[in-house]
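The sequence and structure come first.

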Amino acid sequence: MTTMTLGRRETSRADRRPGRQLRGDKRAHKNSLRRAVFLIPGIALLGLLGVYPLIQLVWMAFHRVTNATINTGPWEWVGLNNFTQGFQMGETGPAISRTLIVVAIVTLLGMIGGFAAAAALRSSGWWSSALLALMVFVWALPPVVNGSVWKFLLSDNGLVNAIVMGLGRSAPVPFLYDTHWALASVAFVGAFAVIPFNALVFRAALLAIDPEVFEAAALDGTNKWGEVRHIMIPSVRPTSLVLLVLTMVYAFRSFDFIFVMTYGGPGTATNTLPFLGFLQAFARFNFGYGAATSVLAVVGVFVLAVIYARSIRKEEA
Amino acid sequence: MKKRTLHTRMAGAAALVTAGALVLAACSPGGDSAAPASPGTADSPATEGTVTVWHYFSDPQQVALMEKYADLAEAANPGMTVDNVFVPYDQMNSQLISAAGAGSGPDVVIFNGAEAATLALAGALAPLDDFWSDFADANQFPDSVIHTVNDSMYAVQGYVNLLGLWYNQDILDEIGVHPPTTMNQLEDALAKAVEANHGGITLSGLPNSQGEWQGFPWLSAAGFTYDNPTEDALTAGLDRVSNWVDQGWLPQEAVNWDQTVPFQQFAAGNFAFAANGNWQMGTAQADANFTFGVVPLPLGSTGQVYLGGEGAGIGANSAHPELAWAYLTASYLSVEGNLAAASLVGSLPARADAAADDSIASNELLKPFADTITQFGAKYPSAAIPPEAVADVQLRMGQAWSAVIGRQHSPADAARTAISALNNLLG
């Protein structure tokens, strides 16, 4: 109401002084031009490194592009053939299923693990700081290093199997060479790598809660679980939606750990969409197939990106 | 027309980068440390200037060999400087292809010889025909080490690498068997070794070209060939390795092993046998605390062993190809270079005169590999595979090999899938 009144007042003053209004308009126009100039480098970079390559990728997906034609052309138009071939050869369908499994595992473990770690880290203390530092370290590790360490840990002679066998199991768990275990293992490692990031974001949301809320809850006799259920979870709900989408996008791009830990094996058991696209483009040198598979992955990520943008807008509103 | 080609090349390079960026998002396997140097651009006489050499060697002995090549070339060509640039194996082809699209790349590239067709078709290698026809020592090299694509020569191997059967003599003595010469003897020895609580055999079951390279000898022993690929023969070959896993003679974990890991397992003394290459000689001598030896793989009458090794070629966009050729003739293709490869890495010289050298003939570890060339030697890749299908065939067969060892598919299912793919690829 106050704002509306002020606005009306300003308008009437401006009406009374047309010269000032004109100068104001000019200044606003200049400012807007200046802002546009500052935007140019960003738009140019985005166009050059984001939009143009994306257009090229889609263009390739509809052409026959191999190592023999990638540099010299011409690229033969094949319509949807690159997309349908992948399904007909039985590669794309299973890869989509595996990708969805990986997304489900990474998202579930990543979200729950991230929240649990954030809840644990909310309190202050040396161990909390130490754990936080450790998590940031894990988060900052290059995926190749992280994957190599996990490959070593999960091997037959690795630490995890040593513990498992120490507990009485007679044979090692085939973490990385059994068809089902291998997919679960790479998804687990993917989740492990995203937990620190999720924990940091959740922690920021938890730290924004007024301490008096917890004090009031304590006076009412609420236990720890009650604090989690009735204070923390509702408080992080807006953050959770954004983080959920980001985690799903991260999981959808699952490539690095598969490359390092299983190379898609055994056989094709851990070929997710991104890894299948890699094999098609950079192992079989059929860039058309690889582009088509990548376009499918891009569509998946794009849908999630739209959801993300909407949820951000909602949160800001 | 030229404009169109340039546009396509630029678009190709951009698209390649894009596909890579999208697919490899957040994953550059060791690539950050391997930014290739730009090729030399100075206009210089044939024996002066910098020669940029791309290679993928990380093993200390192999790196020492590259340094030895540089020393030989620089000594023979005063004014030449050699710049060895490491590019990870997994990135070598894609980097060469994208560099070719951008009009850059190395002067010399040392790569997996089997992938010559892939690189040549992509325009990453320069034809060597003119250099080769003027090369005085060309007749020292057998045809099997010369890589031609569409009747043009693009690469040559200075040495040959191949698989043999490494054995742990201490374990064989304990279980009372001799180094096997037949498949039955090998399987009998494997059974006895496992009964005595030792490991049986190690090899690579990776679902890529390494798996195909390791699997082909065993598959060919069952009658499989690329000239006439039959489902029955492939099933029989895959059945054999499947049985090895069932019996506990071959660890299922082999699907995660490249060719280095299984030899490390063997060198640690855990296994009776390792199907591995002559290039492991240095590792065996350095790491194995037991008596070891090598015999040819016991592959029977139909068996074949690929004659592999690194091919050397000149980059398509080399600013001074004559200098690059001078580097190759002074190092990789010279007698001294061939002998250095044998002494440092254990590779068999490709040159006839170097192969006849006393240091080679008297080497007990190299002799079984030399015998294998005569007995089972096969061109790598098979001439029956069209150049444009080589990479695809290797991947499909590697996946079949891995799928059986890892229990993803039965031998019959894996063979059916692979043969179906081969029928399309082999034409």
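Helices (H or I, at least four residues) and strands (E, at least two) are DSSP runs, numbered from the N terminus. By this naming, helix α13 of chain B is followed by B:Gly346, whose phi is positive, near 90°. Residues are numbered from 1 along each chain as its sequence is written, while chains are lettered from A and ligands numbered from 1 in the order in which they are written. The model is predicted: local features need pLDDT of at least 70, side-chain atom pairs count only at pLDDT 80 or more, and totals for chains, interfaces and linings use all residues.

**Confidence**

pLDDT is the predictor's confidence in each residue, from 0 to 100. Chain A has a mean pLDDT of 89, with 94% of its residues at 70 or more. Chain B has a mean pLDDT of 89, and 89% of its residues reach 70 or more. The model scores ipTM 0.84 and pTM 0.85.

Where pLDDT is low, the predicted coordinates should not be read in detail.

**Chain B: overall content**

Chain B contains 18 helices and 15 strands. Of its 427 residues, 55% count as buried. A residue is buried if 20 or more other C-beta atoms lie within 10 Å of its own, exposed if 12 or fewer, and partly exposed in between, with C-beta atoms placed from the backbone. Among contacts in chain B between residues at least 6 apart in sequence, 76% join residues at least 24 apart.

**Chain B: strands**

An open sheet of 4 strands in chain B has the order β9-β10-β8-β11, with mixed pairing. Its edge strands are β9 (199-202) and β11 (292-295), each pairing on one side only. Two strands pair if DSSP finds at least two bridges between them. Neighbouring strands of the sheet are turned by 20° against each other on average, direction ignored. Helix α10 (residues 260-267) of chain B packs on this sheet, touching β8 (163-168), β9 and β10, and its direction makes about 145° with that of β10(B). Such axes are lines fitted to C-alpha atoms, for helices over the stretch in contact, and angles run from 0 to 180 degrees between N-to-C directions.

Strand β6 (residues 152-157) of chain B has 5 of its 6 residues buried. The hairpin of β5(B) and β6(B) has 2 residues between the strands, and B:Asn150 in the turn has a positive phi of about 50°. B:Asp151 also lies in the loop between β5 and β6 of chain B, and its phi is near 70°, a positive value in a residue other than glycine. B:Asp151 is exposed, with 7 other C-beta atoms within 10 Å.

| Strands | Bridges | Direction |
|---|---|---|
| β9(B) and β10(B) (residues 271-277) | 3 bridges | parallel |
| β5(B) (residues 146-149) and β6(B) | 4 bridges | antiparallel |
| β6(B) and β13(B) (residues 310-315) | 2 bridges | antiparallel |

Individual partners can be named for each pairing. B:Ile201 has B:Phe273 in β10(B) as its bridge partner, B:Ile146 has B:Val156 in β6(B), and B:Gln157 stands opposite B:Gly311 in β13(B).

**Chain B: helices**

Helices α8 (residues 209-221) and α9 (residues 231-247) of chain B pack at an angle of about 115°, with their axes 8 Å apart. Residues in this contact include B:Trp218 in α8(B) and B:Arg240 in α9(B). In helix α13 (residues 335-344) of chain B, the buried residues include B:Gly337, B:Asn338 and B:Leu344. Among the elements covering them are α2 (60-76) and α16 (366-376) of chain B.

**Backbone geometry**

The peptide bond from A:Gly265 to A:Pro266 is cis, with omega near 0°, and A:Pro266 is in the loop between α11 (256-261) and α12 (273-283) of chain A. Another cis peptide bond joins B:Tyr380 and B:Pro381, with omega about -5°.

A:Phe285, in the loop between α12 and α13 (287-316) of chain A, has a positive phi near 55°. A:Phe285 is buried, with 27 other C-beta atoms within 10 Å.

How values were computed. Contact = placed C-beta atoms within 7 Å.
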